[in-house]
Amino acid sequence: MNYLVAVLPDRIQAEAASVALEKEDIKATILGKGYKSADEFGLIDPNEQAQKQATFMAYWLVPFGFFAGTGFSVLTGLDTFAWAGAIGNHIIGGLLGAVAGGMGSVFVGGGAGLVFGSGDALPYRNRLNAGKYLIVVQGPENIIRKANRVLRPFEPENIQDYADSTIR
C-alpha cells in the first residue's frame, strides 16, 4: 500500500482538497482538529515505541548485566563490601550489573525508540499539534500520482509519498 501525505495550513483548504479528490474518485482521510486524530489513523506514537523498545531490551540486558556483574566480581576478587563477605560481594556485583543493564535499556532502548522508531510520524504529529491538517491518500501508485496532481494546486506546505507503511 502506498501513501500520500499533504500538509495544509487550515481546515478550509483541507476540506477543499478533500472535495477535489472526491471529484476524481480518490478516497482521502483528513487528520486534524474536528477530524481523525493521529492515534485514530494509526500514526506511531514515538513515546510508546520508545517504551516498548526499552522494555524489550530490559528482558535481556538486566539478566546479562547480573551475570556480567557477578562474573566481574568473581574474576577480580574485589572485596568492595567487606561486611557482605565473599558470596555477598558477588551477589552485590550481580545486582549492580543488573541495575546497569536496566539503565542501558532505558537510555539506549528508549532513546533509540524516540530517534529511530518514529520515522516521519513525529513531524506529522507536531504539525497536527500546531493546528495544521493532513490529507492522507492510500492506494496503488497510479492513484497516488493522480492525487499528487490534484493536491498540487492547493500549494500544501509539504507533500510526501511513501511506499508500503514507512510512516506508520
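The legends below describe close-up views of a predicted protein model. Residues are numbered from 1 along each chain as its sequence is written, and side-chain values use heavy atoms, without hydrogens or water. Local features need pLDDT of at least 70 and side-chain atom pairs pLDDT 80 or more, whereas totals for chains, interfaces and linings use all residues.

**View 1. Confidence along the chain.** The average pLDDT (the predictor's confidence in each residue, from 0 to 100) is 82, and 86% of the residues score at least 70. Helix α1 (residues 11–23) has the highest mean, 89, and helix α2 (residues 38–41) the lowest, 74. Helices (H or I, at least four residues) and strands (E, at least two) are DSSP runs, numbered from the N terminus.

View 2. Four strands are arranged in the order β2-β3-β1-β4 with antiparallel pairing (at least two DSSP bridges between two strands). β2 (28–31) and β4 (158–162) form the edges, each pairing on one side only. Seven bridges join β1 and β3, and N2 has G139 in β3 as its bridge partner.

**View 3. The largest nonpolar core.** A nonpolar core is a set of buried (under 20% relative accessible area, 1.4 Å probe, protein chains only) Ala, Val, Leu, Ile, Met, Phe, Trp, Tyr and Cys residues joined through side-chain atoms within 4.5 Å. The largest such core has 18 residues, and L4, L21, I135, V137 and L151 have the most contacts inside it. Two or more residues come from each of β1 (2–8), α1, β3 (133–139) and α6 (141–151). Apart from this core lies another, of twelve residues, including Y3, L31, L128 and Y162.

How values were computed:
Buried < 20%, exposed > 50% of the residue type's maximum accessible area, 1.4 Å probe, protein only.
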